[in-house]
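Okay, thanks for making time, everyone. Let me put the model up, and then I'll walk you through a few spots in it.

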Amino acid sequence: MNTALFYGERAMDEHEVKRIQTGLESIAVRAGGIVVRGAGQARKVTHKGRIDLVTETDFAVEEMLKDELAALLPGSDFLAEETASSTEPGELTWIIDPVDGTTNFANGLPFVATSIALWQRDRVVLGVVNLPLLGELFSVREGGGALLNGAPVTVSTEGAMEQALIATGFPYAIEEHLEPILDRLKAVLPRVQGVRRVGAAALDLAYVACGRYAGFYESALRPWDTAAGWLLVREAGGRVTEYDSGKDYSLGAGTILATNGLVHRELSRLICGG
C-alpha cells in the first residue's frame with residue numbers, strides 16, 4: 001500500500017507530514033483542556049435519544065477542532081458527530097468524535113476520549129485518541145506505528161482465550177439489540193479471563209493497541225467512534241475485521257472486531273455463534 005499523504009495531486013514530503021501530525025497532537029491536547037475544564041464544572045446535559053446524551057462540552061470541543069484543523073490543513077472537510085454527521089469522507093476529511101463517552105463524562109467518570117482521524121481518499125492515514133482525564137495521548141500515522149505519550153506501543157502477545165481480557169460495548173438502541181448482545185456475552189464470558197464495558201469505543205480500541213485488552217467487539221458504531229482506533233490497532237500489530245473474521249473492516253461497517261490477531265479467529269467464532 002502507498003502510505004504517502006497527498007495534498008491534491010502532490011505527495012507531501014516527510015517534513016510536511018510530520019508538521020501535520022505534530023500539529024494534530026497539539027490540537028488534541030488543547031481540546032483535552034476544554035474537556036478537563038468542563039469536567040470540573042456543572043454540566044448542562046441534553047438528550048439526543050432516551051440514553052444518548054450531549055453536553056455543551058461536546059459542542060465546544062467540536063467547534064474548536066473544526067476551526068483549528070481547518071487551519072492546519074486548508075481545504076479539508078469534516079465528518080463530525082455533533083455538527084457534520086452526514087458528510088461523506090472524501091479527498092481530505094477529518095473524522096471527529098469530540099467526546100466519546102459522553103455518558104461517562106456527564107456522570108463524572110474519567111473514561112472519556114477525543115478521537116480525530118484524517119481520511120485520505122480511501123483510508124485513514126493519521127489519527128489521535130486523547131484521554132484527557134487519564135493523561136494519555138495515543139497517536140498514529142499510517143506506516144509509522146502507534147504511540148502512547150510519544151512511546152511506541154504494540155498489541156498484547158496473549159494467545160490463550162482463557163487468559164484474554166476482552167472489551168465490548170452496547171449500542172444506544174439497546175432494546176433493538178438486547179438479545180444478540182446477551183447471546184454473545186453468554187458465548188464469550190465463560191471462555192475468557194474477563195469482559196469489560198467502559199462505554200467509549202475509541203478508548204477500547206486504543207487499549208487493544210497498547211496491549212491492555214486482547215480484543216474488542218461492538219456493533220452499531222459510527223465512523224467517528226472507530227476511525228482513529230482502527231488505524232491504531234493495525235499500526236500496533238493487531239487485526240481489525242467485522243464480526244466475521246473473513247470480512248475486512250470498512251468505515252461505517254455494522255460490526256467491528258479488533259484484536260491482537262492471536263485470538264481473532266476464536267473470538268470471531270464465539271461472537272458469530274460458530
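So, let's begin with D97, which is buried because its relative accessible area is 1%. By buried I mean under 20% relative accessible area, with exposed being over 50% and partly exposed in between, using a 1.4 Å probe and protein chains only. D97 sits in strand β6, residues 92-100. Helices here are DSSP runs of H or I with at least four residues, strands are runs of E with at least two, and the numbering goes from the N terminus. Leaving out residues up to four places away in sequence, D97 touches E81, A113, T114, S115, W224 and D225. Contact here means heavy atoms within 4.5 Å.

Quick housekeeping before I go on. This is a predicted model, so local features need pLDDT of at least 70 and side-chain atom pairs count only at pLDDT 80 or more, while totals for chains, interfaces and linings use all residues. Residues are numbered from 1 along each chain as its sequence is written, and side-chain values use heavy atoms, with hydrogens and water left out.

Now, salt bridges. How many salt bridges does the count come to? The count comes to 9, where a salt bridge is a side-chain nitrogen of Lys or Arg within 4 Å of a carboxyl oxygen of Asp or Glu. Let me show you three of them.

One is R123 with E142, where the closest N and O atoms are 2.9 Å apart. R123 is in strand β8 (residues 123-131) and E142 is in the loop between β9 (136-141) and β10 (145-148), so this pair ties together parts that are 19 residues apart in sequence. Both R123 and E142 are buried.

Next up, E136 and R212: their side chains meet in a salt bridge at 2.7 Å, N to O. E136 belongs to strand β9 and R212 to the loop between α5 and β14, so here the parts tied together are 76 residues apart in sequence. Are the two partners buried or exposed? E136 is buried, because its relative accessible area is 14%, whereas R212 counts as partly exposed because its relative accessibility is 35%.

Then there's R191 with E266, with 3.2 Å between the closest N and O atoms. That pair links distant parts of the chain, 75 residues apart: R191 is in the loop between α4 (174-188) and β13 (194-196), and E266 is in helix α7, residues 264-271. R191 counts as partly exposed, because it comes out at 37% relative accessibility, and E266 is partly exposed too, at 25%. Some bridges also share partners, and that joins D122, R123 and E142 into one network.

What does R212 touch, not counting residues up to four places away in sequence? The list is E136, F138, L148, L165 and Y207. Take L165: 47 residues separate R212 from L165 in sequence, yet C-alpha to C-alpha the two are 7.7 Å apart in space.

On to aromatics. A search of the whole structure turns up 3 aromatic pairs. The rings of W230 and Y249 have centres 5.0 Å apart and planes at 85 degrees, so that pair is edge-to-face. For the record, rings of Phe, Tyr and Trp (its six-membered ring) pair if their centres lie within 6.5 Å; planes under 30 degrees apart are stacked, over 60 edge-to-face, and the rest tilted. W230 and Y249 are both buried.

Last, some backbone. Which residues have a positive phi although they are not glycines? N149 does, at about 50 degrees, and N149 is in the loop between β10 and β11 (151-153). A220 does as well, at about 60 degrees, and A220 is found in the loop between β14 and α6. A220 is partly exposed, because its relative accessible area is 40%.
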